[in-house]
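Okay, thanks for coming, everyone. Let me put the structure up, and then I'll walk you through a few parts of it.

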Amino acid sequence: MIADKLPMKTYRGTILSYTVSFCPGSRNAFRRMNDTHRPRPHCASGARLLSALSLLILLCSLLLSPAFAQDWVRTGSGLGVEKVRLAVPDFKPSNSDPQNDELLKTFNDTFWNDLDNSGVVELISKSFYPLQVPGQPPEVTFGAWNSPPPNAAMLAFGNLGVAAGKLTVQGWLYDVKNTASPEVLGKQYTDVPSSDAARVMAHRFADEIIFRLGGGIPGIAESKIYFVSDRSGHKEIWVMDYDGSNQRQLTHLSSDSLSPRVSPDGSRLAFSSLTKSGWDILMFSIDLNRVVSFPRFGGTNLSPAWSPDGAHLALSSSRGGNSQIYVCDASGANLHRLTSNKGPDVGPAWNRKTGAQIAFVSGSTGLPQVYTIEADGTNQQRMTDQGYAVSPNWSPNGQFLTLAWTRKYGPGEPGSRDIYLMDIASKQWVQLTHDGGSHDSPSWSPDGRHIVFESGRSGKEEIWMMLADGTKLHQLTFTGHNSQPNWSWK
Amino acid sequence: MKHQTLKALATVIALAAVLMLGACHKKTAPPPPPPPAPAAPTASISVSPDTIAQGQSATLTWQTSNATDVSIDGIGAVQPGGSQQVNPTDSTTYHLVAKGSGGTQEATTRLTVTPPPAAEAPPAPSPSEEDLFGHTVKDIYFDYDKSDVRADQQASIQADMLFLNQHSNIGFTIEGHCDDRGSTEYNLALGDQRASAVKNALTTAGVNASRVKTISYGKEKPFCLEDNEGCWQQNRRGHFVYQK
């Protein structure tokens, strides 16, 4: 049974118990910290504690009210109120090479944007920074950073310079409240002097910081988003960096290609395309940059989905009459039917943690609803209670579904399709988008902190992303119509 | 003389004033609107003449009542009643959908366009099988999110079946289409189910299944692009395509 309205208390309880069980041992470590009331964020013995606490902070801030989150954070992690207060002054030029200015702008913009989007730090506005910002460790004046106005817990700084045909970036992360031993991280990157290289370096250093301040979960700055775009005149599969930069076309089939799904190892892309024989599953090798062979099943074949081990695909096929969910090997062999419902079944999504269940959409009772079924075809369960529910996508931790849902549908109910998050065990849900027209195709980021989706809120179908609590909503595509985003697995 | 001109002017002004007053007077006290009774809409459509030669035009006339939303296939949203000059190059069936609070009513009329007088060699070739197919075989329309053939579409199915059984050498494709409110993937599966439903209706009635292909276009190839029920209905259909 699904509660009509989410009882916040119960939901918090669910999340908390999940958090604790996700990090065994964190409870004891936590209690120890409560006794001492002493911040020890970076010592070796506190490493697990730090990651456990940061995870708590993350989940609290993502899914609970700030007031509740503070109870957990104030107990002495030394990391600030809700999120780590991080100051990120622009990196400085390390020499006077004329290429530095442009590369610095690319680096600084990308780096700031990555940290801002991460959801694990609170970036301190640059207007609070002292006039003299450091480019090297000796230039750090602790008092100017660790007390108000910036009142930073952490400081990320560094320098960039082109010399002898090489671009070098040095970056540091300092715990500015720990003046005795401030260095958390020091990194150096060298590559050819290009804006692409500067962007990659910014992504890498941002990911290092997010990994340390975000509970040991790898950052997503180097992840990719696959999507459908019609800007070439046909619906083709495209790819972009997670921040919307570097958009490029992968397929050139001059037909309709839909539902891109990248394999867990990032080497292949399964999608559905209109061929001479109808809608077929096609396979694109990202390594070879071309379509490779994959069997034709007959009927209408849609919405392929990779199992988390990359060994199987689930898909929708009407080869036997109605559209039903089928499973086959990654090669297309051993195709067998999983569901046997009356209505069209489509849009399968595997449990990304266990690979043991598949969520899918079925119209067998009228308007489409989201169901789950064991990967062996048993125990079909209806998840949504009403309305028009489509496009389920499983969170990386296996705990949640995100889906597109019009909860009230019908004459006199001009509800729009919004993105929702549902706790699988309790079927409790929260609405993540509001008042923005029609939304669809949500897909989780590898770190489980973000969701990318398509939305008509700008007036036409474009790709947007947000934190998994519905905040930090921003648009990634602007040219043509863009839809069905699929986030890479890492 | 000047005096006379002034007098004439005064007369004109006085006359105009009287006319305007009269006009104003007419506007008073409109009768109170009758209590709303949700009556079923009615619709009729006709074309005159119903046969023209290519290049000529005909007048399409339609009348509806109790309808808030009226549209004609190929023309779009129209006033509840009216007429319009049309000059299609091929024979055309005009399909009127009138939608009101009391329901939906449809009406069709057909304008036959004869080819231009054959000035050259082949004197009046009989219409090709493809033309006959295009003129005779009717598309099947569906309700929202449904893939079963509605009762009001059975007449079309019967007519299609009759023609297809008379021309048993024709192969054809049934395209399943959906309106654009649903989700892309689900609509493709739904369109597949609609095409199959039409195919099943024909094969049960004796049309050989090997003549029939099906394809779903979901919401990828809409017939009509407006955001209203008349348009959505146009897009929820099984569409017949002659196979060469």
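Before I start pointing at things, one term: when I say nonpolar core, I mean a set of buried Ala, Val, Leu, Ile, Met, Phe, Trp, Tyr and Cys residues joined through C-beta atoms within 7 Å. And keep in mind that this is a predicted model.

So, cores. The largest nonpolar core has 110 residues. Which residues have the most contacts inside it? Those are A:Leu86, A:Phe107, A:Ala152, A:Met154, A:Leu155 and A:Leu403. Helix 7 of chain A is the top contributor, giving eight residues to this core. Another core lies apart from it, with 14 residues, including B:Phe133, B:Leu164, B:Val198 and B:Ala201. As general background, nonpolar side chains tend to be buried together in soluble globular proteins.

Let me zoom in on A:Ala152. Leaving out neighbours within four places in sequence, A:Ala152 has contacts with A:Arg85, A:Leu86, A:Ala87, A:Ile124, A:Trp145, A:Asn146 and A:Val176.

Now some strands. Have a look at strand 19 of chain A, residues 357-362. Why do we call strand 19 of chain A largely enclosed by the rest of the structure? Because five of its six residues are buried. On one hand, strand 19 of chain A is joined by four bridges to strand 18, residues 345-350, and the two run antiparallel. In that pairing, A:Asp345 has A:Ser362 as its bridge partner. Strands 18 and 19 of chain A make a hairpin with six residues between them, and A:Gly355 in the turn has a positive phi of about 70 degrees.

On the other hand, strand 19 of chain A also pairs with strand 20, residues 369-374, antiparallel again, over six bridges. There, A:Phe360 sits opposite A:Tyr371. This pair is a hairpin too, with six residues between the strands, and A:Gly366 in the turn has a positive phi of about 120 degrees.

Next, two open sheets in chain A. One has four strands in the order 10-11-12-13, paired antiparallel. Strand 10 (257-262) and strand 13 (290-292) of chain A are at the edges with a single partner strand each, so one side of each has no neighbour in the sheet. On average, neighbouring strands here are turned by 35 degrees against each other, direction ignored. Strands 10 and 11 of chain A pair over four bridges, and A:Ser257 has A:Ser273 as its bridge partner.

The other sheet has the order 9-8-7-32, also four strands and antiparallel. Its edge strands are strand 9 (248-249) and strand 32 (482-487) of chain A. Inside, strand 7 and strand 8 of chain A pair over six bridges, with A:Lys224 opposite A:Asp241.

Last stop, chain B. Is B:Gly176 buried or exposed? It counts as buried, because it has 30 C-beta neighbours inside 10 Å. B:Gly176 belongs to strand 10 of chain B, residues 171-177. Beyond four places in sequence, B:Gly176 touches several residues, among them B:Gly191, B:Asp192, B:Thr214 and B:Tyr217. And its C-alpha is separated by 6.1 Å from that of B:Arg237, 61 residues apart along the chain.

That's my tour; over to you.

Terms used:
Residues numbered from 1 in each chain as written. Chains lettered and ligands numbered in written order. Predicted model: local features only at pLDDT ≥ 70, side-chain atom pairs only at ≥ 80, totals over all residues. Pairing = 2+ DSSP bridges. Axes fitted to C-alpha atoms, helices over the stretch in contact; angles between N-to-C directions. Buried ≥ 20, exposed ≤ 12 C-beta atoms within 10 Å, placed from the backbone. Contact = placed C-beta atoms within 7 Å.
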